[in-house]
Amino acid sequence: MYPRLCNPLLSKSFFLFGARGTGKTKLLQQLFQDQQTLWIDLLQEGALLNFTQNPSQLRHQLAAQGPNTKWVVIDEVQRVPALLNEVHSLIEDKSLNFALTGSSARKLRRGQANLLAGRALVNNLFPLTQLELGHDFQLESALRWGTLPGVITEKDESVRAEILKSYVHVYLKEEIREEQIIRSLDPFTRFLEAAAQSNGTIVNLSKLGREANTDAKSIARYFQILEDTLLGFFVDPYHRSIRKQQRKQAKFYLFDLGVKRTLDGTLKIPLSKNTYDYGKLFEQFIILEVLRLNSYFRSDYKIYYLKTDNQLEIDLILERKGDATWVIEIKSAERPDLTEVSKLMQLAKDIPHARAAIFCQTTILQKIDSVEIFPWQEGLEAIFK
């Protein structure tokens, strides 16, 4: 198992949210391998039925464990939201600590579940980052196959493809149909393909509605489903005025490039450098890395993109009070074009305390006027040092 950057504080109960297959259970097994822990896996049908019928069974199991048990792990807690009332009571009465995993915060909210009112910290787990993969990281592999642990550790490419296809199928079956989130699966399936094709672009609800043969209101709800089930993230447009910011459309990124390429039907198409598609995948990869590292390192950056009225665009803006604002262009080439440097300099002038940078595949840190040009790994390190 690769060492994970997600580091829940073990002084207090916590939620660990993440999409299926990101490694939540394995991470907790590693964290609690030396502690006496009660494990409850709600993916097991027997446990699911038992706790659905009688959530108070949790107290009986704890009584049978004896006094040395300090931690209780409940895997996929969203399957029995009523258990959280028992958890809340046990935290208060017994000073126990709980580690609660889930792949759907939506079901907890939809069921008006007790979210423990600050008694449990929230952590998110994502597919593997390049830092976690270390010497095993290969950029071409990450762009083509994504970095879900079960995919990246499989060496046979035909098996990788089958794992990803199965992942998408299981998600549609278990997360959508079984939870009865939507009435009809067909338009949602069409939406997923269209959303994958437009991954990393500004969301156009009407256009996606036409492609999925449904209305814009349903498309907005489908995006919310992906966000709530941790399969995607919005990046908001940047504007110093919050009011103006809210008038613009966000961009949406699926959580893993392998899942994205499976959904849009391009998984088996080889990647070719110096093409538009390669450049877009590289851009999306960097943005996903930033989203993940920002969460793991608790860096508290607000993440934006910028597109001006005359169609000039900045890929990534990272803002945090008291610090310079990172204004970043992402290029898959080994060296940026001077016109791109000039454009970035011009746009950065209008952003207070801007630190303009280009992340690319150069091997040497450079600076042209006020623009820093980073090898992308060093750029990420500079942001999250």
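Modeller: Bearing in mind that this is a predicted model, the largest cavity holds about 90 Å³ of space. Eleven residues line the largest cavity, and those closest to its centre are Tyr 171, Leu 192, Leu 231, Val 259 and Leu 263.

Colleague: Which helices each supply at least two residues of that lining?

Modeller: Helix 9, which spans 157–178, and helix 14, which spans 257–263, each contribute at least two residues to the lining of the largest cavity. The largest share comes from helix 9, which provides four residues.

Colleague: And by class, how many of the lining residues are nonpolar, polar or charged?

Modeller: The lining of the largest cavity is made up of eleven nonpolar residues, with no polar and no charged residues.

Colleague: What lines the second largest cavity?

Modeller: Its lining consists of Ala 142, Gly 146, Thr 147, Asp 256, Leu 257, Phe 285, Leu 288, Glu 289 and Arg 292. Helix 15, covering residues 276–296, gives the most to this lining, with four residues.

Colleague: How do the residues of that lining divide into nonpolar, polar and charged?

Modeller: In the second largest cavity the lining has four nonpolar, two polar and three charged residues, whereas the lining of the largest cavity has no polar and no charged residues.

How values were computed:
Residues are numbered from 1 along each chain as its sequence is written. This is a predicted model: local features need pLDDT of at least 70, side-chain atom pairs count only at pLDDT 80 or more; totals for chains, interfaces and linings use all residues. Side-chain values use heavy atoms; hydrogens and water are left out. On a 1 Å grid over the protein atoms alone, a cavity is a set of points where a 1.4 Å probe fits but cannot get out, and a pocket is an open set with protein on both sides within 12 Å along at least five of seven lines; lining residues have an atom within 4 Å of a point. Grid points are joined across faces, edges and corners, and a volume is the space filled by probe spheres set on the points. Ala, Val, Leu, Ile, Met, Phe, Trp, Tyr, Cys and Pro count as nonpolar, Asp, Glu, Lys and Arg as charged, and the others, Gly among them, as polar.
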